[in-house]
Amino acid sequence: MTLRTCGLAFLGVLLTCLPASSQSRGGGGTTRINGYLLKINDEHFDGMKSFDGGSMWAPVVNETKGATGAPKKHVGAPKCEDLTLVFDAALPKPMGDWVNATWLGGSPRKDISLIGLDRDKQAVSSREFVKAGIAEVAFPKLDASLKGVESCITVKLSPESIRTPKAEGKPSVSSMAANGGFISNFSLEIPGLDCSSVVTIESIVVKSPVTEAASKKPSLIDFSNLKITLPESGGKTWLDWYDDFVVKGNSADGKEKSGQLSFFDLNRGLVVRVKFANLGICRIGQIGGSAVGGSSPKLLAELYCEGMELELPTAK
């Protein structure tokens, strides 16, 4: 094969892998992609804000130096880059069920697709991510002093391989049962603790590393700690729990707490709820105080968490 032929062949493979904004027609024109759908469990969902990654690649392997002193190079086994999906509303129910199954310690894998649509909602491109596992889920930072934040719920997937099947037809879109893509309010509830004056909650991230072989035992799931700020004046129940749980050592399983964090839209409709299991306080202290007057200090409380579960709103 000549160098020119090799280059053209490689370019053809590369163009197939990339999610272009337009696709060539047989007659020489192009069809602009106006949006994407997520296909999961044979259902098509809109509501994605963006996506990134999902490229195919192969490592370059260097062998023993040749007669010229330069190493001989060749490509290794094909690999797939993680695909990151960002949702501006509640997750599709099949995605929520998949997340919960992963958080329960399983390692379920699914085939999902990104379907590109033209202005007439006809499918014009398709990328299928085969045997993908959920590697990470992240929720936005919450701040009660702001009028609202975009509900950017991020899901990172690790596929085993990628295909580009032919796209055709006009997919029917299933409802995501979402109440909007903007979080105007939130509510933290932990029995025994005064959560009414919570100011901020840092981004919550759950990592569930996906092994390369689906048959391998999954890695331990990492539920990030909850980092919560509240006024010092509203921190008595938190300080009392820390004193009992940490200082006095009453930290048996029965002393851990459950809780839930609810995200609401502008109409007070539920966007998504995260339920917490086996919470334990591990840190509390003042932050942001001024020694010469001015701003009042706040308390930063940090809680570990042993388990989480998603609750999505029901379809209307």
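Trainee: Are Trp-103 and Phe-223 buried or exposed?

Mentor: Both Trp-103 and Phe-223 are buried. Keep in mind that this is a predicted model.

Trainee: What makes the pair of Trp-103 and Phe-223 edge-to-face?

Mentor: Two numbers settle that. The ring centres of Trp-103 and Phe-223 are 6.1 Å apart, and the cut-off for a pair is within 6.5 Å. Their planes stand at 80°, and an angle over 60 degrees counts as edge-to-face. So edge-to-face is the label for Trp-103 and Phe-223.

Trainee: Why is the pair of Trp-241 and Phe-245 called tilted?

Mentor: The centres of the Trp-241 and Phe-245 rings lie 5.5 Å apart, with the planes at 55°. Stacked needs under 30 degrees and edge-to-face needs over 60.

Trainee: What separates Trp-241 and Phe-245 along the helix?

Mentor: About one helical turn, because Trp-241 and Phe-245 are four residues apart in helix H3 (residues 236–247). An α-helix has 3.6 residues a turn, so residues three or four places apart point the same way.

Trainee: Why do Trp-241 and Phe-245 count as buried?

Mentor: The limit is under 20% relative accessible area. Trp-241 has 7% and Phe-245 has 4%, so both qualify as buried. Trp-241 and Phe-245 also form one aromatic cluster with Tyr-304.

Trainee: How do you know that Lys-257 lies over the face of Trp-241?

Mentor: Lys-257 is 5.2 Å from the Trp-241 ring centre, and the distance part of the test is within 6 Å. The test also asks for a position within 35 degrees of the ring normal. Lys-257 is assigned to the face of Trp-241.

Trainee: What does H3 pack on?

Mentor: On an open, antiparallel sheet of seven strands, in the order E13-E20-E23-E26-E25-E24-E19. H3 touches E19, strand E23 (226–231), E24, E25 and strand E26 (298–311), and its direction makes about 70° with that of E25.

Trainee: What makes E13 and E19 edge strands?

Mentor: Strand E13 (142–143) and strand E19 (185–189) each pair on one side only.

Trainee: How do you know that E24 and E25 pair?

Mentor: Pairing takes at least two bridges. Strand E24 (residues 257–264) and strand E25 (residues 270–287) are joined by seven bridges and run antiparallel. In that pairing, Gly-259 stands opposite Phe-276 in E25.

Trainee: Why is Gly-307 called buried?

Mentor: Gly-307, in strand E26, has a relative accessible area of 12%. With the limit at under 20%, Gly-307 is therefore buried. Leaving out residues up to four places away in sequence, Gly-307 touches Phe-223, Lys-275, Phe-276 and Ala-277.

Trainee: What makes strand E10 largely enclosed?

Mentor: Five of the five residues of E10 (residues 83–87) are buried, so the rest of the structure largely encloses E10. Leu-83, Leu-85 and Phe-87 point one way, Thr-84 and Val-86 the other. In a regular strand the side chains alternate between the two faces of the sheet.

Trainee: Which strands pair with E10?

Mentor: Strand E5 (residues 48–53) does, antiparallel, through five bridges, with Ser-50 opposite Val-86. E15 also pairs with E10 in the antiparallel sense over five bridges, and there Phe-87 stands opposite Ile-153.

Trainee: How do you know that Ser-158 makes a polar contact with Asp-82?

Mentor: Their side chains come to 2.6 Å, and the distance limit for a polar contact is within 3.5 Å. Ser-158 lies in strand E15 (residues 153–158). At 12% relative accessibility, Ser-158 counts as buried too.

Technical notes:
Residues numbered from 1 in each chain as written. Heavy atoms only, no water. Phe/Tyr/Trp six-rings, centres within 6.5 Å; stacked < 30°, edge-to-face > 60°. Buried < 20%, exposed > 50% of the residue type's maximum accessible area, 1.4 Å probe, protein only. Helix = DSSP H or I, 4+ residues; strand = E, 2+ residues; numbered from the N terminus. Contact = heavy atoms within 4.5 Å. Axes fitted to C-alpha atoms, helices over the stretch in contact; angles between N-to-C directions. Polar contact = N/O pair within 3.5 Å; in protein donor to acceptor, adjacent residues only side chain to side chain.
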